[in-house]
Amino acid sequence: MKKIGDEYSLLHDIIGVRIICSFVDEIYEIKDWIHSCFKVVEVRDNLSYPKLSGYRSLHVICEVDGCLVVIQVRTIALDFWANLKFIIRNILKMKI
């Protein structure tokens, strides 16, 4: 896998998975489980360092059978916020 800047060059080989849990503490437990099961390439911690928009989530990029798998881990409330932000930005064509 070749990384160019902040992006990976094999975007067509990326698979996405989202894990939704109830509490923020569970997110880090899930992260530890992911580390024990898969080869982790990168972790993007938007929980500790939220984006300016307020987006919070944990993204763990793993390599599985030569493909990149992005696992997003968030709580129900954080998932609601991310989906609402997506609707506002992309469907209503507003910037937040």
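Trainee: Hi! How many helices and strands does the protein have?

Mentor: Morning! Keep in mind that this is a predicted model. The secondary structure comes to two helices and six strands.

Trainee: And what pattern does the protein follow along the sequence?

Mentor: The pattern reads β-β-β-α-β-β-β-α.

Trainee: What percentage of the residues is buried?

Mentor: Of the 96 residues in the protein, 29% are buried.

Trainee: Let's look at H1. Which residues are buried there?

Mentor: Ile27, Ile30 and Ile34 are buried in H1. Looking down the helix axis, the buried residues of H1 fall within an arc of 65°, so they line one face of the helix.

Trainee: Which exposed residues does the face turned away from that buried side carry?

Mentor: On that face of H1 you find Asp25, Glu29 and Ser36, which are exposed.

Trainee: How far apart are the end C-alpha atoms of H1?

Mentor: They are 21 Å apart. Helix H1 covers residues 24–37, and at 1.5 Å a residue its 14 residues should span 20 Å, so the two values agree.

Trainee: How far apart are Cys37 and Cys62?

Mentor: In space they are 9.8 Å apart, C-alpha to C-alpha, and in sequence 25 residues apart.

Trainee: What is the bridge partner of Cys62?

Mentor: That is Val69, in S6. Strands S5 (residues 58–64) and S6 pair in the antiparallel sense, over seven bridges.

Trainee: What do S5 and S6 form, and what's in the turn?

Mentor: They form a hairpin with two residues between the strands. Asp65 sits in the turn, and its phi is positive, about 50°.

Trainee: How many residues of S6 are buried?

Mentor: Eight of the nine residues in S6 (residues 67–75) are buried, so this strand is largely enclosed by the rest of the structure.

Trainee: Switching to pockets: what volume does the largest pocket have?

Mentor: About 190 Å³. Its lining includes Arg18, Lys51, Tyr55 and Arg74, while the largest share, six residues, comes from helix H2 (residues 76–91).

Trainee: How do the lining residues divide into nonpolar, polar and charged?

Mentor: Five are charged, three nonpolar and two polar. Among the lining residues are Lys85 and Arg89, along with Phe86 and Asn90.

Trainee: Great, thanks!

Notes
Residues are numbered from 1 along each chain as its sequence is written. This is a predicted model: local features need pLDDT of at least 70, side-chain atom pairs count only at pLDDT 80 or more; totals for chains, interfaces and linings use all residues. Side-chain values use heavy atoms; hydrogens and water are left out. On a 1 Å grid over the protein atoms alone, a cavity is a set of points where a 1.4 Å probe fits but cannot get out, and a pocket is an open set with protein on both sides within 12 Å along at least five of seven lines; lining residues have an atom within 4 Å of a point. Grid points are joined across faces, edges and corners, and a volume is the space filled by probe spheres set on the points. Helices (H or I, at least four residues) and strands (E, at least two) are DSSP runs, numbered from the N terminus. Ala, Val, Leu, Ile, Met, Phe, Trp, Tyr, Cys and Pro count as nonpolar, Asp, Glu, Lys and Arg as charged, and the others, Gly among them, as polar. The expected span of a helix is 1.5 Å times one less than its number of residues. Buried means under 20% relative accessible area, exposed over 50%, partly exposed in between (1.4 Å probe, protein chains only). The arc is that of the directions from the helix axis to the C-beta atoms. Two strands pair if DSSP finds at least two bridges between them.
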